[in-house]
Amino acid sequence: MRVGIYAGSFDPITKGHQDIIRRALKIVDKLIVLVVNNPSKKYWFNIEEREAMILESMESQYREKIEIHRYEGLLVDFMREKGVNLLIRGLRAVSDYEYEMGYAFTNKELSQGKAETIFIPASREYMYLSSSGVREIAINQGDISAYVDKALEEKIKLRAKELVK
């Protein structure tokens with residue numbers, strides 16, 4: 001069975017993330033969606049909320065093929081623990097490519113050549129979509145329906161209102 005890992009903060013998960021998950025599942029039999037916490041970042045949603053939002057936003061036929069995990073530390077250490085050597089990364093713009101290539105080379109080196117990275121380019125409609133963009137639209141009471149799953153809209157709007165107070 002081919003297993004891959006798709007790591008990110010998913011704060012919140014966007015339609016772009018969902019698209020990468022669906023497309024990755026055409027390549028792998030099982031996908032570990034790894035929710036990471038970067039101590040230098042301030043998140044809108046805690047890790048438990050982000051995990052729940054990922055499951056809530058994915059259709060049932062995909063839910064049975066994904067596992068949600070969390071990890072703090074080096075990604076290659078998590079990969080080693082799980083016995084997984086394949087990392088899936090989404091790319092939006094050229095700047096993402098440069099950034100992600102650096103991580104791909106570093107992960108390969110840190111794993112003694114075992115970690116492989118597959119890049120999936122963003123679908124056209126999600127090329128400029130980011131979680132931070134969704135948060136900015138939400139905090140300014142804009143329409144986020146084109147960017148996040150309908151099941152998550154109210155949670156995100158509510159959190160934006162809480163943060164404005």
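Predicted model: local features only at pLDDT ≥ 70, side-chain atom pairs only at ≥ 80, totals over all residues.

Me: Which residue of β2 is the bridge partner of alanine 7?

Reply: That partner is leucine 34.

Me: In which sense do β1 and β2 pair, parallel or antiparallel?

Reply: Strand β1, residues 3-8, and β2 pair in the parallel sense, with 6 bridges between them. On the way from β1 to β2 the chain passes through helix α1, residues 15-24, and this β-α-β crossover is right-handed. The pairing of β2 with strand β3, residues 66-71, is likewise in the parallel sense and has 6 bridges.

Me: Is strand β2 mostly covered or mostly open?

Reply: As a general idea, the side chains of a regular strand alternate between the two faces of the sheet. In the present case, strand β2 spans residues 30-36 and is mostly covered, with 5 of its 7 residues buried. Here a residue is called buried when its relative accessible area is under 20%.

Me: How much space lies in the largest pocket?

Reply: The largest pocket holds about 1,200 Å³ of space. It is lined by 47 residues, and the closest to its centre are Ala7, Gly8, Ser9, Arg89 and Glu100. Elements that give two or more residues to this lining include β1, α1 and β2, as well as α5 (94-110).

Me: Which element gives the largest share of the lining?

Reply: Helix α5 gives the largest share, 8 residues. Sorted by class, the lining of the largest pocket has 21 nonpolar, 16 polar and 10 charged residues.

Me: Why can charged side chains pair?

Reply: Side chains of opposite charge can pair when their charged atoms come close. The count of salt bridges in this model is 15. In one of them, glutamate 59 and arginine 22 meet through their side chains, at 3.0 Å from N to O. Glutamate 59 is in the loop between α2 (47-57) and α3 (60-63), whereas arginine 22 is in helix α1, so that the pair links distant parts of the chain, 37 residues apart.

Me: How far apart are the closest N and O atoms of lysine 155 and glutamate 56?

Reply: In this salt bridge they are 2.4 Å apart. Because lysine 155 lies in helix α7, residues 150-164, and glutamate 56 lies in helix α2, the pair ties together parts that are 99 residues apart in sequence. Lysine 155 is partly exposed at 35% relative accessibility, and glutamate 56 is partly exposed at 32%.

Me: Which residues are linked in a network of salt bridges?

Reply: Glu48, Glu51 and Arg70 are linked in such a network. Lysine 108 is partly exposed, at 30%, and glutamate 116 is partly exposed, at 39%.

Key:
Residues numbered from 1 in each chain as written. Heavy atoms only, no water. Buried < 20%, exposed > 50% of the residue type's maximum accessible area, 1.4 Å probe, protein only. Helix = DSSP H or I, 4+ residues; strand = E, 2+ residues; numbered from the N terminus. Pairing = 2+ DSSP bridges. Right-handed = clockwise from strand over helix to strand, strands pointing away. 1 Å grid on protein atoms, 1.4 Å probe; cavity = no way out; pocket = protein on both sides within 12 Å on 5 of 7 lines; lining within 4 Å. Points joined across faces, edges and corners; volume = space filled by probe spheres on them. Nonpolar A, V, L, I, M, F, W, Y, C, P; charged D, E, K, R; others polar. Salt bridge = Lys/Arg side-chain N within 4 Å of Asp/Glu carboxyl O.
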